[in-house]
Amino acid sequence: AAVLQAQGQMKKDPAPLRSAALVYSTVAATLSAKSHANEWCSTQTHLGKVLYILAGVEGKPGYLETATAAYEAALGACDQVSAPSRWAEVTNQYGVVLLAQGEEMGGEKALEQAVSKFRDAIKVHKRETAPVLWAQTANNLGAACFALAKSNSQNSLLREATDCFEGATEIYRQQGILKKAEVIDKNLHRVKRLLITR
């Protein structure tokens, strides 16, 4: 499944991605969430990721709904107490799918859920102990807050997006990841412009 996923991503070919999703689904159906919690969580996470990629490659946002179900299943077996970093990563990935779903299919509910997931993940991915993971999550949270603010006109979300983007840009610059910092900086300017017009 991992090979098929990589092949599909590299070639932007949906056929191997669909095959990868089928294999992951079969593996998940074979495992027990209680008896094989670790493998179950991993399989559902991979399934969610493949479906997310497939939605983009095929231009079919319907895949995102199935992806959210896979991430929900993964989190059901992923323990925040015993494996906080893994739980935060799965939560962050889940947020990415919800953000895409909100942007592609409309509706504030998915965007609100995305903001919530990123806020949960960033409590674990702390800036002091995991700066790059924190920056990734902060950037995602900023994007979700910005998307939701455009929909519901809450300026507090724009201010949160500003803080997130500023922090993420600072970390990426410190780490020498300059291209990423430049992209986030452009998003930061867009947020600030919207805040001024309001």
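How are α5 and α6 oriented to each other, roughly parallel or roughly antiparallel? The views below are taken from a predicted model.

**View 1. Helices α5 and α6 at their crossing.** In this predicted model, the axes of α5 and helix α6, the latter spanning residues 108-124, come within 8 Å and cross at roughly 160°. Because angles over 145 degrees count as roughly antiparallel, α5 and α6 are roughly antiparallel to each other. The crossing of these two helices is left-handed, and the residues of their contact comprise 13 nonpolar, 7 polar and 3 charged ones.

**View 2. Helices α5 and α7 at their crossing.** Helix α5, which covers residues 84-105, and helix α7, which covers residues 131-152, have axes that come within 10 Å and cross at roughly 25°. That angle makes α5 roughly parallel to α7, and α5 passes α7 in a left-handed crossing. From α5 the contact draws on Glu89, Asn92, Val96, Leu99 and Glu103, while α7 contributes Leu133, Thr137, Asn140, Ala143, Ala144 and Ala147. Sorted by class, the residues of this contact divide into 6 nonpolar, 3 polar and 2 charged.

View 3. A polar atom of the Thr162 side chain lies 2.9 Å from the backbone oxygen of Leu158. When residues up to four places away in sequence are not counted, Thr162 touches Leu188, Val191 and Lys192.

Definitions and conventions. Residues are numbered from 1 along each chain as its sequence is written. This is a predicted model: local features need pLDDT of at least 70, side-chain atom pairs count only at pLDDT 80 or more; totals for chains, interfaces and linings use all residues. Side-chain values use heavy atoms; hydrogens and water are left out. Axes are lines fitted to C-alpha atoms, for helices over the stretch in contact, and angles run from 0 to 180 degrees between N-to-C directions. Helices (H or I, at least four residues) and strands (E, at least two) are DSSP runs, numbered from the N terminus. Angles under 35 degrees count as roughly parallel, over 145 as roughly antiparallel, 65 to 115 as roughly perpendicular and the rest as oblique. A crossing is left-handed if the near helix is turned anticlockwise from the far one by less than a right angle, and right-handed if clockwise. Contact means heavy atoms within 4.5 Å. Ala, Val, Leu, Ile, Met, Phe, Trp, Tyr, Cys and Pro count as nonpolar, Asp, Glu, Lys and Arg as charged, and the others, Gly among them, as polar. A polar contact is a pair of N or O atoms within 3.5 Å; within protein, one must be able to donate a hydrogen and the other to accept it, and residues adjacent in sequence count only if both atoms are side-chain atoms.
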